[in-house]
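Q: Could we go through this structure together? I would like to start with charge pairing and then move on to other topics.

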Amino acid sequence: MKAYEKLGAFYLGKEYDMAARQRKDDLVLYDAKDLNTHAVIIGMTGSGKTGLGIALLEEALIDNIPIIA
């Protein structure tokens with residue numbers, strides 16, 4: 001089983017090297033144990049806030065974590 005397919009590990013994408021302007025092979029995973037009761041996503045227009053929010057919601061649903069949005 002791949003690391004991002006385990007319950008409790010939210011797969012958010014891959015790391016990006018800003019200097020080289022290319023995507024790395026390292027995964028960005030978020031541990032579900034670090035979730036709190038509230039969250040906020042802040043960023044500039046076009047920075048990917050909606051995409052990140054959708055990814056977090058999808059990963060939570062996969063792990064059967066209840067959501068009120």
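**Charge pairing, folds and pocket**

A: The side chains of Lys-24 and Glu-15 form a salt bridge, with an N to O distance of 3.9 Å. Please note that the model is predicted.

Q: Why does that pair count as a salt bridge?

A: The pair counts because the cut-off is a side-chain nitrogen of Lys or Arg within 4 Å of a carboxyl oxygen of Asp or Glu, and the N to O distance between Lys-24 and Glu-15 is 3.9 Å. In general, side chains of opposite charge can pair when their charged atoms come close.

Q: And how many salt bridges does the count come to?

A: By this rule, the count is one salt bridge.

Q: How exposed is Lys-24? And what about Glu-15?

A: Lys-24 is partly exposed, at 35% relative accessibility. Glu-15 is also partly exposed, with a relative accessible area of 33%.

Q: Let us step back. Which elements does the protein have, and in what order?

A: The protein has one helix and two strands. From the N terminus on, the order is β-β-α. Strand β1 covers 9-17 and strand β2 covers 22-31, while helix α1 covers 49-62.

Q: What are the dimensions of the C-alpha trace?

A: Along its principal axes, the C-alpha trace spans about 40 × 35 × 15 Å.

Q: How much of the protein counts as buried?

A: Of the 69 residues, 14% count as buried. The accessible surface comes to about 6,000 Å², and carbon and sulfur atoms account for 56% of that surface.

Q: What share of the contacts is between residues 24 or more positions apart?

A: Such residues account for 32% of the contacts in the protein with a separation of 6 or more.

Q: What is the phi of Arg-21?

A: Phi of Arg-21 is near 55 degrees, a positive value in a residue other than glycine. Most residues other than glycine have a negative phi. Arg-21 is found in the loop between β1 and β2 and counts as exposed, at 69% relative accessibility.

Q: And Asn-64, what is its phi?

A: Phi of Asn-64 is near 60 degrees, again a positive value in a residue other than glycine. Asn-64 is found in the segment after α1, and it counts as exposed, at 69% relative accessibility.

Q: Now Glu-59: is it buried or exposed?

A: Glu-59, which is found in helix α1, is buried, with a relative accessible area of 14%. This residue counts as buried because the cut-off is under 20% relative accessible area.

Q: Which residues does Glu-59 touch?

A: Not counting residues up to four places away in sequence, Glu-59 touches Ala-9, Phe-10 and Tyr-11.

Q: Let us turn to the largest pocket. What is its volume, and how many residues line it?

A: The largest pocket has a volume of about 600 Å³ and is lined by 21 residues. Leu-35, Asn-36, His-38, Ala-39 and Leu-57 lie nearest its centre. The elements that give two or more residues to the lining are β1 and α1.

Q: Which element gives the largest share of that lining?

A: The largest share of the lining comes from α1, with five residues.

Q: What is the make-up of the lining by class?

A: The lining of the largest pocket has 16 nonpolar, four polar and one charged residues.

Definitions and conventions:
Residues numbered from 1 in each chain as written. Predicted model: local features only at pLDDT ≥ 70, side-chain atom pairs only at ≥ 80, totals over all residues. Heavy atoms only, no water. Buried < 20%, exposed > 50% of the residue type's maximum accessible area, 1.4 Å probe, protein only. Helix = DSSP H or I, 4+ residues; strand = E, 2+ residues; numbered from the N terminus. 1 Å grid on protein atoms, 1.4 Å probe; cavity = no way out; pocket = protein on both sides within 12 Å on 5 of 7 lines; lining within 4 Å. Points joined across faces, edges and corners; volume = space filled by probe spheres on them. Nonpolar A, V, L, I, M, F, W, Y, C, P; charged D, E, K, R; others polar. Contact = heavy atoms within 4.5 Å. Areas by Shrake-Rupley, 256 points an atom, 1.4 Å probe, with all protein chains shown as cover.
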